[in-house]
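Q: Here is a model that I would like to go through with you, with a close look at one part of it. Please take your time and connect that part to the rest.

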Amino acid sequence: MKGVTVLSKFCRCLSRFFKKLLNFVTMRRLLTRVINRVLVSSPFTPAMGIEAEIHTHGRRKLVVGLGNPGMEGTRHSIGMAVLGALAARLGVADRWRGDKHVSGEVIVSEVQHTHVVLLRPRLLMNINGVSVAKAAGKYSIKPEDILLVHDELDKPLGKIAVKHGGSARGHNGVRSCVDCLQTDVMPRLRVGIGRPAGKTSVERHVLGRFSSEEQKVLDSVLVQSVDVLLSQLSQQQDPQSPSSPAEGRRAAQKREERERSASPAEDAAAAQS
């Protein structure tokens, strides 16, 4: 009987602990969302782009390397490293300049008749979306034409994947972008960094720098990531681009269905691309 009482007390204590933890996480997310909305200062609208540096009416895309300023060499900021590699491939690596109006560093370039804005936010990861929304407004770029590049815990280093909209999957930088743009249709390039080994915490892992062994893999990852980005930027614009989260998810599901039903020849061609 005494053992049952002790177990009952333990369960109640455990229940209270998890309730407090849930409340803390919920409040932190709510506070971050409020900060995002306040810092954006005005709702996202492409009409804000009348003062943009791109004066033509051609196709426009925004590529964002999510990360923490001053921590470019860490796993969590691998998106910034990919963007740096992209700028180098385009021959514009020396054209980064700070823009206080978007709270970040930008480069305006062109890829196969598409005007491309590269953005490295100068805000903390949890509020990267503020910079993204401001840049999207300034350059009149729709959410579906914003490509987010970020780290992915659930993929090992050396693996990358394109995700066509949908939830943030726990990534605070992506969540900030969703909050500030008020939609989740933005495509993403997810760059694997792997989960921590042993007793290393996730926070310490993502904020840590790559080991010497990982650096050997990282070089090829950057090359592969840039190849994928250039392929995405070169694609023809879909006239049926989704304009809402629900439409974005439906479009992503249709793409996945088409990929699953692709013929072996198509699969082989895709593997070679």
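What does Asp 227 count as at 40% relative accessibility, and what does its side chain do?

A: Happy to look at that with you. Asp 227 counts as partly exposed, because its relative accessibility is 40% and that class lies between buried (under 20% relative accessible area) and exposed (over 50%), with a 1.4 Å probe and protein chains only. A word on the basis: this is a predicted model, in which local features need pLDDT of at least 70 and side-chain atom pairs count only at pLDDT 80 or more, while totals for chains, interfaces and linings use all residues. Residues are numbered from 1 along each chain as its sequence is written, and side-chain values use heavy atoms, with hydrogens and water left out.

The side chain of Asp 227 forms a salt bridge with Arg 89, and the closest N and O atoms are 3.0 Å apart; the term means a side-chain nitrogen of Lys or Arg within 4 Å of a carboxyl oxygen of Asp or Glu. Asp 227 belongs to helix 6 and Arg 89 to helix 2 (residues 78-89), so the pair ties together parts 138 residues apart in sequence. Helices here are DSSP runs of H or I with at least four residues, strands are runs of E with at least two, and both are numbered from the N terminus. Arg 89 is partly exposed as well, with a relative accessible area of 39%.

Helix 6 covers residues 212-234, 23 residues in total, and at 1.5 Å a residue it should span 33 Å; its end C-alpha atoms lie 34 Å apart, which agrees. The expected span is 1.5 Å times one less than the number of residues. Helix 6 also bends by about 25 degrees at Leu 218, the bend being the angle between axes fitted to the seven residues ending at a residue and the seven starting there. Leu 218 is one of the buried residues of helix 6, which also include Glu 214, Val 221, Leu 222, Ser 225, Val 226, Leu 229, Leu 230, Gln 232 and Leu 233.

Arg 120 and Glu 105 meet through their side chains in one of them (2.8 Å, N to O). That pair links distant parts of the chain, with Arg 120 in strand 4 and Glu 105 in strand 3, 15 residues apart. Arg 120 counts as buried because its relative accessibility is 16%.

Strand 4 (residues 114-121) is mostly covered, with eight of its eight residues buried. Thr 114, Val 116, Leu 118 and Arg 120 point one way from strand 4, and His 115, Val 117, Leu 119 and Pro 121 point the other way. In a regular strand the side chains alternate between the two faces of the sheet. Strand 3 (residues 104-111) pairs with strand 4 in the antiparallel sense over eight bridges, where pairing requires at least two DSSP bridges between two strands. Val 108 stands opposite Val 117 in this pairing. In the hairpin of strand 3 and strand 4, two residues lie between the strands, and Gln 112 takes a positive phi near 50 degrees. Strand 1 (residues 59-65) runs parallel to strand 4 and is joined to it by six bridges, with Arg 60 opposite His 115.

A further salt bridge joins Arg 190 and Glu 152, whose closest N and O atoms are 3.1 Å apart. Arg 190 lies in strand 7 (residues 187-192) and Glu 152 in strand 5 (residues 146-152), so this pair ties together parts 38 residues apart in sequence. Both Arg 190 and Glu 152 are buried. Salt bridges that share partners also join Glu 72, Glu 105, Arg 120 and Arg 122 into one network.

Finally, the wider setting. The chain has eight helices and seven strands, and 44% of its 273 residues count as buried. Among contacts (heavy atoms within 4.5 Å) between residues at least 6 apart in sequence, 73% join residues at least 24 apart. Val 206, in helix 5 (residues 202-206), touches Thr 74, Arg 75, His 76, Leu 153 and Ile 193, leaving aside its neighbours within four places in sequence. Val 206 and Arg 75 are 131 residues apart in sequence, yet 5.0 Å apart in space, C-alpha to C-alpha.
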